[in-house]
Amino acid sequence: MNRTHLLLALTTLLALGALAIGLPPPPSLQPPPARTPSGGVLPPVTAREGVLTLEGKLSGAYVHTGPGEAHALFTVRANTPPTQRRMPVNLALVIDRSGSMRGQKLADARRAARMLVERLEPGDRLALVHYGSDVRVYPSEEVTPRSRERMISFVDSIEDEGATNLSGGLEAGAEALRPHVKDYRVSRIILLSDGEPTEGIVDEAHLGRLAADYQREGIAVSGLGVGEQFNERLMRGLAEQGGGFYGYLQDSERLAEILGRELEQATGTLARGVRLRLELPEGVTSAEALGVAAVPEAGALSIPLYDLSGGQEVRVVVKLTLALAAPSPERPLVSARLDYNDLVADKPVRMGLELGAAVTEDEELVRTHMDPDVGLAVTRALGASQMQAAAEAMKQGDRTRALDMLGNVRRLFGASASALAGEMREVEQSEAAYRDAQDETSVRREALKLHRKSLQSFGQNNSY
């Protein structure tokens, strides 16, 4: 059986398995065909406006007539300015103090909060919120020597009690920030929790919509999960919808380090409210962003991205479904528009670019003009989707399915040989560690590690 037939068979089996346990079926596992050495490739199309650069490439210079698919790779990059001034920040630190935080986790949370208070500078503002069943707030205050002492005293008074009213903590943080959003270019909620929400709003989709609403108001949301039992989908969803960052910390001792990195990113932010919108011309029936949250619209796809500081970037791989009736010279396949708030120029920015290819009936022409960089990005994204499926299977205790998924990743990455050798080694290490994991805590730890690796393969750089 050749590789194409094998991968198609695997795709069918995986889809059936996904339906059997209620998960969405994985995307096609068929990697893009390799480009022959004689083929030409499309150069990247680039647009630059303000502090961001948008770059786009298609998977090839030609596409085939009839039903089919193509891929596009978009990279959004924050240009590092020659000199970058530290941006004053308007922050709300929201800490879970429910009973499950008792002991080392809450002690580390208090220590990390004290570190954050000490590292803030005059001109910054901070509100402190802690929540169990009820919510308690230290109102937003500008940092001074006197207010710093009061903030640290408030942090030291936090004691564990109650359930997990996560939505109450989020809403209190947003309420504390709102009066000052117009005076600060960077406003952010940093949420810390070790578990599932049990009081207030508990629905993940509803909480995600809250974060999206806050982002539209100019308030980003970052989510940090601590320990072994938190909901990583929720934390990631809050950050994706809220334009912030997220982290999965089995070891609460790292909280101070992560809050320090969060502060550094916030004070170095150059662009916020970043959103990529893809508009589809006639003949392109749909678009799917691999591994990132996206909102389908009529003839378009809207993709919210996270706030970017100097030197940061995000890659988005998109599958385009085609229905092209006849051969034609180069024609557009997707138009990309990037909207964001430029914090250096303090103004909204919009820029765009268009990607196109020629339509042909010559399969050899299509095959010999594939772009190898886009092909690798697609393979990474397909592998990452299987990593996430493996991580979910690990958490559900389905060892057979998890190992099968990891085997799929190895086959995908193995087809690219040396180009993905590093990723292949990481997958093999994950597989070996999972085979050795005997207890539930060890299994969950490996699942979270694998989930984090998948995000890196998707090209997402907003996780810790």
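At what angle do helix H9 and helix H10 pack, and how far apart are their axes? Helix H9 (residues 372–395) packs against helix H10 (residues 399–414) at an angle of about 165 degrees, and their axes lie 8 Å apart. The model is predicted. Two packed helices are described by the angle between their axes and the distance between the axes.

**Helices H9 and H10**
- Angles over 145 degrees count as roughly antiparallel, and H9 and H10 are therefore roughly antiparallel to each other.
- The crossing of H9 past H10 is left-handed.
- On the H9 side, the contact is made by residues including Thr379, Leu382, Gln386, Ala390 and Met394.
- On the H10 side, the residues in contact include Arg401, Met405, Val409 and Phe413.
- By class, the contact of H9 with H10 has twelve nonpolar, four polar and two charged residues.

**Helices H6 and H9**
- Helix H6 (residues 232–242) and H9 cross at roughly 140 degrees, and their axes come within 13 Å.
- Glu232, Arg233 and Arg236 of H6 make the contact with Gln388, Glu392 and Lys395 of H9.
- This contact of H6 with H9 holds no nonpolar residues, one polar residue and five charged ones.

**Helices H2 and H3**
- Helix H2 (residues 104–119) packs with H3 at an angle of about 175 degrees, the axes being 9 Å apart.
- That angle makes H2 roughly antiparallel to H3.
- Among the H2 residues that meet H3 are Arg110, Ala113, Val117 and Glu118, while the H3 residues include Arg148, Met151 and Val155.
- The contact of H2 with H3 divides into five nonpolar, no polar and six charged residues.

**Met151**
- Met151 belongs to helix H3 (residues 145–156).
- Met151 counts as buried because its relative accessibility is 1%, and the cut-off for buried is under 20%.
- Leaving aside neighbours within four places in sequence, Met151 is in contact with Val117, Leu126, Leu128, Tyr138, Glu141 and Val143.
- Met151 and Glu118 are 33 residues apart in sequence, and their C-alpha atoms are 9.6 Å apart in space.

- In soluble globular proteins, nonpolar side chains tend to be buried together.
- The largest nonpolar core has 44 residues, of which Leu52, Phe74 and Leu320 touch the most other members.
- Strands that give two or more residues to this core include S2 (52–58), S4 (66–78), S16 (313–324) and S18 (347–360).
- Another core, of 36 residues, lies apart from it, and Met87, Val89, Leu116 and Val155 are among its members.

Note on methods: Residues numbered from 1 in each chain as written. Predicted model: local features only at pLDDT ≥ 70, side-chain atom pairs only at ≥ 80, totals over all residues. Heavy atoms only, no water. Axes fitted to C-alpha atoms, helices over the stretch in contact; angles between N-to-C directions. Helix = DSSP H or I, 4+ residues; strand = E, 2+ residues; numbered from the N terminus. Parallel < 35°, antiparallel > 145°, perpendicular 65-115°, else oblique. Left-handed = near helix turned anticlockwise from the far one by under 90°. Contact = heavy atoms within 4.5 Å. Nonpolar A, V, L, I, M, F, W, Y, C, P; charged D, E, K, R; others polar. Buried < 20%, exposed > 50% of the residue type's maximum accessible area, 1.4 Å probe, protein only. Core = buried A, V, L, I, M, F, W, Y, C linked by side-chain atoms within 4.5 Å.
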